[in-house]
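Here is a short briefing to read alongside the model. Keep the structure open as you go through the points.

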Amino acid sequence: MRVHIPSSHITPKAVALSRRQLLATAAAGVLGTHTAHAQGVMEPTAFKHATTHNNFLEFGLDKQDPSKHAQSLKTRPWTVTVDGLVHRPHTLDVETLLRTMALEDRVYRFRCVEAWAMVIPWMGIPLAALLARAQPLSSARHVAFQTLMDPQQMPGQRGTFLPWPYTEGLRLDEAQHPLTLMALGMYGRMLPAQSGAPIRLVVPWKYGFKSVKSVVRITLLAEPPVTTWNQQAPTEYGYHANVNPLVPHPRWSQAWERMLGTNTRQRTQLFNGYGPEVAHLYSGMNLRTSF
Ligand SMILES: Nc1nc2c(c(=O)[nH]1)N[C@H]1C(S)=C(S)[C@@H](COP(=O)(O)O)O[C@H]1N2
Ligand SMILES: [Mo]
């Protein structure tokens with residue numbers, strides 16, 4: 001059964017503001033320090049482009065496949081289980097989350113490892129808030145995220161293109177960083193299926209493949225989890241996967257990026273422009289070689 005969520009429960013602000021107002025607000029810094037440092041184009045990508053050019057391999061390999069084939073994904077009821085090294089393992093109902101937690105607006109740059117980029121106005125809950133509810137044990141150091149495993153609904157999972165279910169991971173301190181979001185909406189509405197409905201991870205300073213869609217399980221661990229792309233091609237897709245113009249992908253340069261829906265080609269920024277907020281997390285790492 002699909003329950004209608006009145007927009008007043010989602011984000012009255014994002015719904016009410018025109019794009020021009022949103023931009024003016026962002027420029028004035030009212031949306032918070034979290035968008036303040038990202039340089040370059042910050043005008044949101046057209047909704048049409050952000051929702052018809054997708055990577056969601058459970059629904060096909062072409063960029064247009066997810067918008068065509070993900071619409072049948074049943075996103076209610078939907079639960080997310082938080083378990084592993086926590087004092088309070090529990091299962092959250094997405095409907096309850098939407099009713100009980102305020103969604104924050106975050107306009108973030110987003111950079112795919114394939115060198116295309118976009119700017120998305122997300123709505124979501126800081127992952128730190130969800131993790132705090134579960135009370136991580138002091139032994140927890142990493143967090144694993146899993147997409148729904150349902151080959152009946154997700155035709156891609158009937159094949160072996162990737163090891164399913166799609167799994168990603170973050171260090172616990174990355175997961176708890178205030179920029180790290182569990183998004184439930186974008187552009188003032190609930191997430192479209194192809195964008196990872198009903199709830200997805202968004203880590204704006206890392207390549208897009210870290211931002212796992214349609215999440216059903218969040219597990220705290222002592223060691224880094226085995227992640228889908230790292231397992232598939234370890235020399236191409238690192239565990240950290242921080243956006244980094246200095247480290248080329250083995251098959252292409254990462255120095256430049258193309259903004260979706262525009263002819264704009266611009267220089268890739270270290271940490272996707274979020275260095276002032278996140279560089280301290282990587283103080284011990286050699287940024288010329290780490291990926
Ligand atoms: N479950 C799942 N999550 C996923 C993917 C996927 O194929 N399956 N693709 C990733 C990649 S490579 C990118 S670039 C982003 C794309 O998000 P978007 O389609 O909303 O732009 O989702 C990421 N999350
Ligand atoms: Mo990607």
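A polar contact here is a pair of N or O atoms within 3.5 Å; within protein, one must be able to donate a hydrogen and the other to accept it, and residues adjacent in sequence count only if both atoms are side-chain atoms. This is a predicted model, where local features need pLDDT of at least 70, side-chain atom pairs count only at pLDDT 80 or more, and totals for chains, interfaces and linings use all residues. Residues are numbered from 1 along each chain as its sequence is written, chains are lettered from A and ligands numbered from 1 in the order in which they are written, and side-chain values use heavy atoms, with hydrogens and water left out.

**Ligand 1 and its contacts**

- A nitrogen atom of ligand 1 lies 2.8 Å from a side-chain N or O atom of glutamate 58.
- Arginine 200 places a polar side-chain atom 2.8 Å from an oxygen atom of ligand 1.
- Leucine 57 uses its backbone instead: an N or O atom there is 2.8 Å from an oxygen atom of ligand 1.
- The protein buries 97% of the 530 Å² that ligand 1 exposes when taken alone (areas by the Shrake-Rupley method with a 1.4 Å probe).
- Ligand 1 is surrounded by 17 residues, and the closest are Asn54, Leu57, Glu58, Arg200 and Lys213 (a residue is near if one of its heavy atoms lies within 4 Å).
- That shell has 9 nonpolar, 5 polar and 3 charged residues (Ala, Val, Leu, Ile, Met, Phe, Trp, Tyr, Cys and Pro count as nonpolar, Asp, Glu, Lys and Arg as charged, and the others, Gly among them, as polar).

**The largest pocket**

- Ligand 1 takes the space of the largest pocket (more than half of its atoms lie within 2 Å of the grid points).
- A pocket is an open set of points on a 1 Å grid over the protein atoms alone, with protein on both sides within 12 Å along at least five of seven lines; a cavity is a set where a 1.4 Å probe fits but cannot get out, and lining residues have an atom within 4 Å of a point.
- The largest pocket holds about 520 Å³ of space, a volume being the space filled by probe spheres set on points joined across faces, edges and corners.
- Its lining has 31 residues, with Asn55, Phe56, Cys112, Tyr166 and Phe209 nearest the centre.
- By class, the pocket lining has 19 nonpolar, 6 polar and 6 charged residues.

**The largest cavity**

- The count is 1 cavity of 30 Å³ or more, and the largest cavity has about 40 Å³ of space.
- Among the residues lining the largest cavity are His240, Asn242, Met285 and Phe291.
- The cavity lining has 4 nonpolar, 4 polar and no charged residues.

**Backbone points to check**

- Most residues other than glycine have a negative phi, and most peptide bonds are trans.
- The peptide bond from arginine 76 to proline 77 is cis, with omega near -10°.
- Tryptophan 164 and proline 165 are also joined by a cis peptide bond, with omega about -5°.
- Serine 214 has a positive phi, near 45°.
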